[in-house]
Amino acid sequence: MKSSLTAVLALAFVVGCTKNENEIVVGEYGSLTGGMATFGVSTHKGIQLAFDEINDKGGIKSKKIKLITLDDQGKDTEVASVVTKLITQHKAVAILGEVASGLSKVAAPIAQQNKVPMITPSSTNPEVTKLGEYIFRVCFIDPFQGFVMAKFASENLKAKKAAIFRDVKNDYSVGLADVFAAEFKKMGGEIVIDTAYQQNDIDFKAQLTQIKSKTPDVIFVPGYYTEVGLIAKQAKELALTAPLLGGDGWDSPKLNEIGKDAINGNYFSNHYTTESTDPATIEFVTKFKAKYNEVPDGLAALGYDAARILAAAMERTTELTPSNIRDEIAKTKEFIGATGKITINEERNAVKSAVVVQVENENRKYVTTVSP
Ligand code: PHE
C-alpha cells in the first residue's frame, strides 16, 4: 500500500516536473464571443501562428510554449476572473490581451499586482500602460491616431466642419473623440456637433438627424464595428452623405456584413495594410493565408507581433521568471514586425506609423501613411 502510494506520488511528481520543465505557460485573454468577437478571434489566430512557428523550430530554450486562451466575452465583468485564473491557476509567466482598451484597463492592475508582464497587442488608449511597469503594448496610442484622422480630414478631405459621434461609455472611443476634436480645432476646423451613443444601441436615427441638420463635411465615429456598421446604414437611409471617419475599432470583416454597401467609401486609420510592400508584412500575410485561408486584419497582425516580441524577450532572459521577462520586453528595439518596426519606449508604448484606408467592400484600400 505504502509503496504503491509512493509510486503514485513519484509518478505525479515526474509528470508535474516534466510539464514544468518542458513548457512555458503563456496566458491569453480576449473576446472570443460577443459583439467584439472578431477582435479576440483574429488576435488569437495571430498569436497561435507565431507560437506554432516558434514551437516548430524547437521552442524557447528547448521548451515549448503552451498557450492557454480564455474567453472574457468582451465583458468587463468577466475579465478580472479570467486574468486571475491565468495567473494563479495556470501560472502563466506572461499574458497577452486585451484588444479593447476598457478591458485592458480592468486586467492591467491584476497583472501589475501579481508582477506578471502583460502585453496588449492593440489597446490604444494612453491610460492602459500607465497602470504599471509590467504593462506594455506593441501598437501606437490614440493621441497619435486622433491626430492622424484630424490631419486626414483637414488636409486630404479639406473638411472645415466635423461632427463627432462617440460611444460614450467606451474609454477608447471617448479618448479618441477628444483627441480628434482638439487636433481638428488646432488645424482651423470646427466641431459643429459632438453627440453620443452607447454600445449595443441599435437605433441611431435621432442623433444622425441632428448631425445632418448641422451639415458637417465629415462625421468622426470612433467606435467598434458592430455599431459603426449600423450607423453607416442608418446614415445612408437618412441621405447623410458626408464621409464617415473612424479609427482602428472599425477593423473587422463584420463591418461590411453589417454596414453592407453603406460603409463603402468611408475611411479609418489602422495599424497596417495588406497592400504593404514591406517584406515582413508580405511574409506574415502569406503565412497567415496558408494557415487559415483568410486575409489577416490588423488585430491578427498585432497579435502575431505581440507574441513574437514576448518570445524574443523570453529567449533573451537568463532565467524565465516573470520579472526577467518584463525587463527584456522593456528592452525591445527595432523589432521587425508584421506591422512595422517596433521599439518599446520609456512609457512602454510603441511608436509607429499609422495608415489610412478606405473601405471598398471587403477590401481596405490603402490611402496614405502618417508617421509620428
Ligand atoms: N484600439 C482599440 C482599443 O483600444 C482596439 C482595436 C484595435 C480594435 C485594433 C480594432 C483593431 O479599444
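This is a predicted model: local features need pLDDT of at least 70, side-chain atom pairs count only at pLDDT 80 or more; totals for chains, interfaces and linings use all residues.
Numbering starts from 1 along each chain as its sequence is written, and side-chain values use heavy atoms, without hydrogens and water.

**View 1. The shell around the ligand.** The ligand is surrounded by 13 residues. S101, S122, T124, Y224 and D248 are the closest. By class, the shell holds 6 nonpolar, 6 polar and 1 charged residues (Ala, Val, Leu, Ile, Met, Phe, Trp, Tyr, Cys and Pro count as nonpolar, Asp, Glu, Lys and Arg as charged, the others, Gly among them, as polar).

View 2. A polar contact here pairs N or O atoms within 3.5 Å. The side chain of S101 places an N or O atom 2.4 Å from a ligand oxygen. A polar side-chain atom of T124 lies 2.8 Å from a ligand nitrogen. For D248, a side-chain N or O atom is 2.7 Å from a nitrogen atom of the ligand. The protein buries 100% of the 320 Å² that the ligand exposes when taken alone (Shrake-Rupley method, 1.4 Å probe).

**View 3. Two domains.** The domain assignment, automatic or from a database, gives domain 1 (2-140 + 277-353) and domain 2 (142-270). Their C-alpha centres are 31 Å apart. In contact (heavy atoms within 4.5 Å) are 19 residues of domain 1 and 18 residues of domain 2. Each domain gives at least three residues to the ligand shell.

Notes:
A residue is near a molecule or strand if one of its heavy atoms lies within 4 Å of it. A polar contact is a pair of N or O atoms within 3.5 Å; within protein, one must be able to donate a hydrogen and the other to accept it, and residues adjacent in sequence count only if both atoms are side-chain atoms.
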